[in-house]
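Subject: Structure for you, with notes

Hi,

Here is the structure I promised to pass on. Have a look at it first, and then read on for what turned up.

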Amino acid sequence: LCDYCAIGFSAGGDDGALAAVGDLSPASFCGADGVRGGYVKHMRSFFEEPAFAQVAKALSPSRCCRVYATGQSMGTSMAAMYAFCANQRQATPGADKAAFA
């Protein structure tokens, strides 16, 4: 038996979120090119947070058979990026997908 789980992303309001909105440079993220660079930096900073290991463990496939990602405002973009990366079938070397391992 497994659970249905969810993760939510807020609109942000800190300096990192504000910088993310303004950075329009293209970047690669989870194997996709041309992703908005500021959002990529912001999502990677989320992956690097010490608490992310706890989040990843709580949402692991051994516990959750389905994970829903949701957000509000900029959080919607973060939720979409999280879902895209989490649903990649294979990780490429050095890819962001490693955050889910």
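A quick definition before anything else: pLDDT is the predictor's confidence in each residue, from 0 to 100. You need it here since this is a predicted model. The protein chain has a mean pLDDT of 84, with 84% of its residues at 70 or more. Among its elements, β1 has the highest mean, 93, while helix α1 (residues 15-22) has the lowest, 72.

Now the overall layout. The protein chain has four helices and four strands, and along the sequence they come in the pattern β-α-β-β-α-α-β-α. Of the chain's 101 residues, 32% count as buried. Among contacts with a separation of 6 or more, 64% are between residues 24 or more positions apart.

On to the cysteines, which I guess you'll want to hear about. How many disulfides does a search of the whole structure find? It turns up three. As a reminder, a disulfide is a covalent bond between the sulfur atoms of two cysteines. Going one by one:

- C2 and C65 are joined with an S to S distance of 2.3 Å. This pair links distant parts of the chain, 63 residues apart: C2 is in the segment before β1, and C65 is in strand β4 (residues 64-71). The torsion about their S-S bond is about 100°, so this disulfide is right-handed. C2 counts as partly exposed, at 34% relative accessibility, and C65 is also partly exposed, at 43%.

- C5 and C64 are joined at 2.0 Å, S to S. Here too the pair links distant parts of the chain, with C5 in strand β1 and C64 in strand β4, 59 residues apart. The S-S torsion is about -85°, so this disulfide is left-handed. C5 is buried, with a relative accessible area of 8%, and C64 is buried at 6% relative accessibility.

- C30 and C85 form a disulfide with their sulfur atoms 1.6 Å apart. C30 sits in the loop between β2 (26-29) and β3 (32-36) and C85 in helix α4, so the pair ties together parts that are 55 residues apart in sequence. C30 counts as buried at 6% relative accessibility, and C85 counts as buried at 0%.

If you number the bonded cysteines of the protein chain in sequence order, the pairing reads 1-5, 2-4, 3-6.

One last thing to look at is the second largest pocket, with a volume of about 180 Å³. Which of its 13 lining residues are closest to its centre? They are F9, S10, G12, H42 and M78. Three elements each supply at least two residues of the lining: β1 (3-9), α2 (37-48) and α4 (74-86). By class, that lining has seven nonpolar, five polar and one charged residues. Two of these elements also turn up in the cysteine list: β1 holds C5, and α4 holds C85.

That's what I have for now.

Cheers

How values were computed. Residues are numbered from 1 along each chain as its sequence is written. This is a predicted model: local features need pLDDT of at least 70, side-chain atom pairs count only at pLDDT 80 or more; totals for chains, interfaces and linings use all residues. Side-chain values use heavy atoms; hydrogens and water are left out. On a 1 Å grid over the protein atoms alone, a cavity is a set of points where a 1.4 Å probe fits but cannot get out, and a pocket is an open set with protein on both sides within 12 Å along at least five of seven lines; lining residues have an atom within 4 Å of a point. Grid points are joined across faces, edges and corners, and a volume is the space filled by probe spheres set on the points. Ala, Val, Leu, Ile, Met, Phe, Trp, Tyr, Cys and Pro count as nonpolar, Asp, Glu, Lys and Arg as charged, and the others, Gly among them, as polar. A disulfide is a pair of cysteine sulfur atoms within 2.5 Å. Buried means under 20% relative accessible area, exposed over 50%, partly exposed in between (1.4 Å probe, protein chains only). Contact means heavy atoms within 4.5 Å.
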